[in-house]
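Student: Hi! Could you walk me through this one?
Tutor: Happy to; let's have it on screen.

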Amino acid sequence: MKIINIFDKIIEKDLESGFPKKKLLFRFPPEPNGYLHIGHAKSIYLNFKLAEKYKASVILRFDDTNPIEEEKKFINYIKKDIFWLGFKWNKVTYASNYFSKLYDLAKVIIEKGKAYVDDQKQDKIQEQRKNTFEDGIESPYRNRSIKENIFLFKKMKNGYFNDGDCVLRAKIDMKSPNMNLRDPIMYRIIKKKLHYRTKNKWCIYPTYDWTHGQSDYIEKISHSLCSFEFENHKQLYNWYIYNINKKKSLTPRQYEFSRLNLNYNVLSKRKLQILVKKNIVNGWDDPRMPTLSGLRRRGYTPESIKYFIQKIGISKRYNQIDISILEFSIRKHLNQISSRVMVVINPLLIIIENYPTFKVEWLKAENNPEDIKKTYRKIPFSKFLYIESEDFMEKNTKNFFRLSLGKEVRLKNAYILKANNISRNIDGSIKSIYCSYDKNSLSKTGLSSKRKIKSTLHWVSKIHALKIKINIFDQIFIKQIPEKSLDFLNHDSLKTKIAYAEPSLRTATIKEKFQFQRIGYFCLDKKSNKKTILFNKTVSLK
């Protein structure tokens, strides 16, 4: 497949060089500290598709090394999102399963004289690391003996120290231009919150950089694929593995690809978490959020997400993806699968003067013209109808082709209508339009029904109309590339309106997708109930 060509070449070259195909093994390693967003979908797609192509396995590993932010509930949602995308892992593992092994491996680094316990506070350590233009300052504890470091590291593990008293640091190079090599922290003390899995068994926790590569090593991952923000971590990744791999056996290798950057969005769990905690959105699955759960609730389909990833491709080049490409992807799929229905948002009453007052016709309407399996539904037609108020203009103009006095339009799936008179409210606004219909013009019946009319309007029968609520969303941010998660917020990103729908929507389910004709694509929200039927707008028609 074109989308994974850059990694195909890498893997094919490895296989040609003698790498055993049966030892190909991939992983997707999320941290359980939030919901997955669409950027994660790119990594998921890449790893699982490569595994599928080469008949290899994928491990779903939760890199759970920070008890402060991680919760069990996030694991359940992550699993649900991956499964929703259509992928199935071969095995589930947890970095916390390896805490004992990671501790022992850290002692190996200490015994080589390449790690030490530092008693300085975090801010002092950060200050000493300086920047890429200045050499860092070595810690006064850097040259502690191996024996003393082993002793202190054991005391850290046994709970002798408090949070922030000391850390274990790798002893690499405080002058390195790569800041990640300036004696990075391997372990820190965290007592203020218990780990969701190991409870109070541990009070020291490995950092992500130490855990990630060593977990890859323990699990025998062959190709560790990550986004480009980890490129500068590769030297550290390799340094750690080199120093623990006594037998110099098969080691995992890290490869990078460009991360997904989407206009008007932030794709960072940390920043998205701020939106949730500050109540700027209504939870992780708010339909405005770029999380997979939010997109699913908004009406996006797994097919559209995967098509989007195929369309943008996977490369090593930084790029900023326009939101319109994502919208095109869902629009393309929804056009194929959505049932067409009629809904009026800004109702204007139509009274058909020559139609019998108590007569109701149940007209035949096609559900989806794109579906080869032609299916139909019945919609009620009566003397009193609603159309959109913007579909009527009192004085006809050259470029207005909808309803106006003395002018004809066709009603979708129904008759040709002509506007005759206007009824006004006390304030002069239009109350209703009196019209007449051509009884021989019913769509797809007889010669009169084939009369060429320039405009076709959607409508609903007033007495049968189902009152619903619809959520209409805009981007959370008003700037294409928001620098900070709380800057450039769009405070008008959610609007809820009352609308009137044909009665078939009374039995709508969450799994169904709908095209509100001439308006957009919609889906039923999970909070919808018999009392309040609520729909979310997925995307506009164009």
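Tutor: Helices (H or I, at least four residues) and strands (E, at least two) are DSSP runs, numbered from the N terminus. This is a predicted model, where local features need pLDDT of at least 70, side-chain atom pairs count only at pLDDT 80 or more, and totals for chains, interfaces and linings use all residues. Residues are numbered from 1 along each chain as its sequence is written, and side-chain values use heavy atoms, with hydrogens and water left out.

Student: Thanks! In what order do the strands of the open sheet come?
Tutor: The order is E1-E2-E3, and the three strands pair in parallel. At the edges are E1 (25-28) and E3 (91-94), each pairing on one side only. On average, neighbouring strands are turned by 30° against each other, direction ignored. Axes here are lines fitted to C-alpha atoms, for helices over the stretch in contact, and angles run from 0 to 180 degrees between N-to-C directions.

Student: And how many bridges join E1 and E2?
Tutor: Four bridges, in the parallel sense, with E2 covering residues 57-62. Phe28 stands opposite Leu60 of E2.

Student: Which helix packs on the sheet, touching E1, E2 and E3?
Tutor: That is H7 (residues 208-219), whose direction makes about 140° with that of E2. Contact means heavy atoms within 4.5 Å. H2 lies across E1 and E2, running at about 160° to E1.

Student: Is H2 mostly covered or mostly uncovered?
Tutor: Mostly covered, with 14 of its 16 residues buried. Buried means under 20% relative accessible area, exposed over 50%, partly exposed in between (1.4 Å probe, protein chains only). Just after H2, Lys55 has a positive phi of about 55°.

Student: New topic: where is Ser258?
Tutor: Ser258 sits in the loop between E9 (253-257) and E10 (261-262). Its relative accessible area is 2%, so Ser258 is buried.

Conventions:
Two strands pair if DSSP finds at least two bridges between them.
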